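Here is a protein model to walk through.

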Amino acid sequence: MEEQIAALVAKVAELEAAGAGAKVTNTMFAETFYYLTIPLMIIIHAGFLAYEMGASRMKNVLSSGVKNILAFAFMIPTFYFFGWWVYWGFPTGLTFAEGPAGISGAAYASSIAWGWGESAQYMGPNIADQASGVFFGAFALFAATTASIMSGAVIERIQTVGFVILAIVLGSFAWVVAAAWGWHADGWMVTKFGVHDFGAAGLVHAVAGFFALGVLINLGPRIGKFNADGSANHIAGHNMPMTVVGLMLIIVGFWGFLMACVIVPGEAWSWFGDKPATIYGTPITLSALSFNILMAIAGGIIGTWIMTRDPFWMMSGALAGIISTASGLDIYFPGLTFIVAFSAGLILKMCADWLERRGIDDAVGAVTVHGTIGLYGVVMLGIFASGYPALQGEDAPTISLMGQIIGAVVFFLLGFVPGYVCSFILKMFGMLRVPEGAELAGMDTVKVPAQGYPEGIPASAAPAE
């Protein structure tokens, strides 16, 4: 009898040890999972850097690069000091009240998202906490990506300091409010209207795209872009291969971006102990993402190739393919993903041309690729996924066309209004656009203490008629 009891005790100890080991293994997996999304998303910024420098004329190439570097750099501390608080404090709206899931509101945000006081234990080195830093890091890279989307639209004429101010407003506030309202279990757009935007087509891409539109209205076109009769000239960048490779690097980084949208199982903050979920608690797997991301890339490229044959627009179509399907990558069947992405590729250049005919000089098509196509994707989910659960739990709201349209309108306003107002104020104080002489001479010559091509910079080609 004693031998049996001893054997049983030993077996229990063995099982407890195995359970502890499994818990450690899972915690390490979760930490490593989000840790790896961070360098993958930094590849997005390598892509933006190459993309925008290639799309600039030789006389502006380093100025465009400096903007990208600064957008990334300023986003990290500003998101740390107040952007992270906004995400947890704002979900229920401007009341800052606690939401149904109990993980929102001013009190909750202040307890985990300030870099000082008691909450500092979650905002700095703490060997007892293997989640906060890597989860914050993933969100900080979302913020940096949002700010960089605006960057390409405004190249070759915006002041550096003015751009940095706009990037901070967009990356550490405007999109974060959109995320709190539409990408959080307590978000009022989710709980009241069933808004669902798994891959952030609206709350990152559309917000950034229409923020850029608000800025462009006040910034104005580059010198030589439009003729007296309103017709547009094509201002070519100096290195199209660099631009196309940069766009491909952004596609690589998208895998990290979308990977970071998955909530891994088995942690105190996870939806489930045995399966991954979206940020809404609805089902998702990395396997499902793999099918759909690949189909989205292919559909966008093929659709744009049919309409343009232009490698710049084909690679922009790859972005449009992912963005148009991002809201529903957790729901769509691969065949449907391809169709939606293909349709986005077909309409991409037409939408960009329509905007240009309105007198808007968007140097890289960011308003269309991210803004217009982002909202297109949000609304398409309302058509194809109506009736699916938008959130985990009993009596959960369901996805609907009306709810997605409401989400699209809110995302548009959260981008366009602050973009227009902030750039208008900067324009009043002379902080938005460089002087005409600096623009004509080249911003590298007068604004950057270095030259992209020190062997000599030949005169940039005149805009094509």
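A crossing of two helices is right-handed if the near helix is turned clockwise from the far one by less than a right angle, and left-handed if anticlockwise. Helices here are DSSP runs (H or I, at least four residues), numbered from the N terminus. α2 passes α4 in a right-handed crossing. This is a predicted model: local features need pLDDT of at least 70, side-chain atom pairs count only at pLDDT 80 or more, and totals for chains, interfaces and linings use all residues. Residues are numbered from 1 along each chain as its sequence is written, and side-chain values use heavy atoms, without hydrogens and water.

The axes of α2 and α4 come within 8 Å and cross at roughly 130°. Axes are lines fitted to C-alpha atoms over the stretch in contact, with angles from 0 to 180 degrees between N-to-C directions.

Which residues meet? Among them are F72, F79 and W84 in α2, and F135, F139 and A143 in α4. Contact means heavy atoms within 4.5 Å.

Now find the largest pocket, with a volume of about 720 Å³. A pocket is an open set of points on a 1 Å grid where a 1.4 Å probe fits, with protein on both sides within 12 Å along at least five of seven lines; lining residues have an atom within 4 Å of a point. The volume is the space filled by probe spheres set on the points, which are joined across faces, edges and corners. Of its 30 lining residues, the closest to the centre are W88, Y108, F135, W269 and S270.

Key: Helix = DSSP H or I, 4+ residues; strand = E, 2+ residues; numbered from the N terminus.
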